[in-house]
Amino acid sequence: MSAIRPEPGSRLDVVLVKAGRTKIRYPAELLADDGTRVTVRAPWAGGAVRDFGFVRFEPGDVFTEHYWRDRWYSVKEVRDARGVLKGWYCDVTRPATRLGTELVVEDLDLDLWRSADGTDVRRLDEDEFAASGLPRTDPEAATAAMAALDELEGLAREGGFETLLS
């Protein structure tokens, strides 16, 4: 697949699917699509403040999101309204699919957070993943998902996001 050079202001709808249903859909500015990785920028789509205890996502936050067609995860750089880096939120997903003006991603419940200074790296939602039944219903996908989480954790602990996203 060849690289697509987006026109300034090009938009995509990011569609996050979970268990066969649309979990969230939001507009994003298309920054790049090289045929393998799609990069978009979007404001925090949650509307209200979401406090996880280790990070707060709030109106004004900006997410630069990287999705791959050949990897089982996405990496989202999170900055506050002033442009200060909060960290990276990563979703374990099936490889992304771009359908016209939609970027469709299936969430597999596993997540990872890395703080801006790298001192806080945490795996998230492993209990939700186990409860999803995926390890029983699709063991190959479950194995790929766990490998993706392990890869993300390695990148986070070694400071590899900057290289991955450059």
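This is a predicted model: local features need pLDDT of at least 70, side-chain atom pairs count only at pLDDT 80 or more; totals for chains, interfaces and linings use all residues.
**Exercise 1. Surface and overall form**

Step 1. Take the surface. The chain exposes about 8500 Å². Carbon and sulfur atoms supply 50% of that area.

Step 2. List the elements. The chain holds four helices and eleven strands.

Step 3. Along the principal axes, the C-alpha atoms fill roughly 45 × 35 × 30 Å.

**Exercise 2. Burial, contacts and charge**

Find what percentage of the residues is buried, and how far apart the centres of positive and negative side chains lie.

*Solution.* 

Step 1. Count burial with the cut-off of under 20% relative accessible area. Buried residues make up 44% of the 166 residues.

Step 2. Turn to contacts. Consider those between residues at least 6 apart in sequence; 46% of them join residues at least 24 apart.

Step 3. Count charges. There are 23 positive and 31 negative side chains. The centres of the two sets lie 3 Å apart.

**Exercise 3. The neighbours of strand E10**

Strand E10 spans residues 102-115. Which strands pair with E10, and in which sense, parallel or antiparallel?

*Solution.* 

Step 1. Start with cover. Eleven of the 14 residues of E10 are buried, so the strand is mostly covered.

Step 2. Take strand E1, residues 11-18. E1 and E10 run parallel, with five bridges. Val 15 has Val 104 of E10 as its bridge partner.

Step 3. Take strand E8, residues 85-93. Six bridges link E8 to E10, and the sense is antiparallel. Thr 93 stands opposite Asp 107 in E10.

Step 4. Take strand E9, residues 97-99. E9 pairs with E10 in the antiparallel sense over three bridges. Here Arg 98 has Leu 103 of E10 as its bridge partner.

Step 5. Take strand E11, residues 121-124. E10 and E11 are antiparallel, with four bridges. Asp 111 has Leu 124 of E11 as its partner.

**Exercise 4. The two hairpins**

How many residues lie between the strands in each hairpin of E10, and which glycine takes a positive phi there?

*Solution.* 

Step 1. Look at E9 and E10. Two residues lie between these strands. Gly 100 takes a positive phi near 65°.

Step 2. Look at E10 and E11. Five residues lie between them. In this turn, Gly 118 has a positive phi of about 80°.

**Exercise 5. Positive phi without glycine**

Ala 19 and Asp 109 each have a positive phi although neither is a glycine. Where does each residue lie, and is each buried or exposed?

*Solution.* 

Step 1. Treat Ala 19. Its phi is about 55°. Ala 19 lies in the loop between E1 and strand E2 (21-33).

Step 2. Classify Ala 19. Its relative accessible area is 72%. The cut-off for exposed is over 50%, so Ala 19 is exposed.

Step 3. Treat Asp 109. Its phi is about 80°. Asp 109 lies in strand E10.

Step 4. Classify Asp 109. Its relative accessible area is 8%. Buried means under 20%, so Asp 109 is buried.

How values were computed:
Residues are numbered from 1 along each chain as its sequence is written. Side-chain values use heavy atoms; hydrogens and water are left out. Buried means under 20% relative accessible area, exposed over 50%, partly exposed in between (1.4 Å probe, protein chains only). Contact means heavy atoms within 4.5 Å. Accessible areas come from the Shrake-Rupley method with a 1.4 Å probe; for residues, only the protein chains shown count as cover. Lys and Arg count as positive and Asp and Glu as negative; His and the chain ends are not counted. The place of a charge is taken as NZ of Lys, CZ of Arg, CG of Asp or CD of Glu. Two strands pair if DSSP finds at least two bridges between them.
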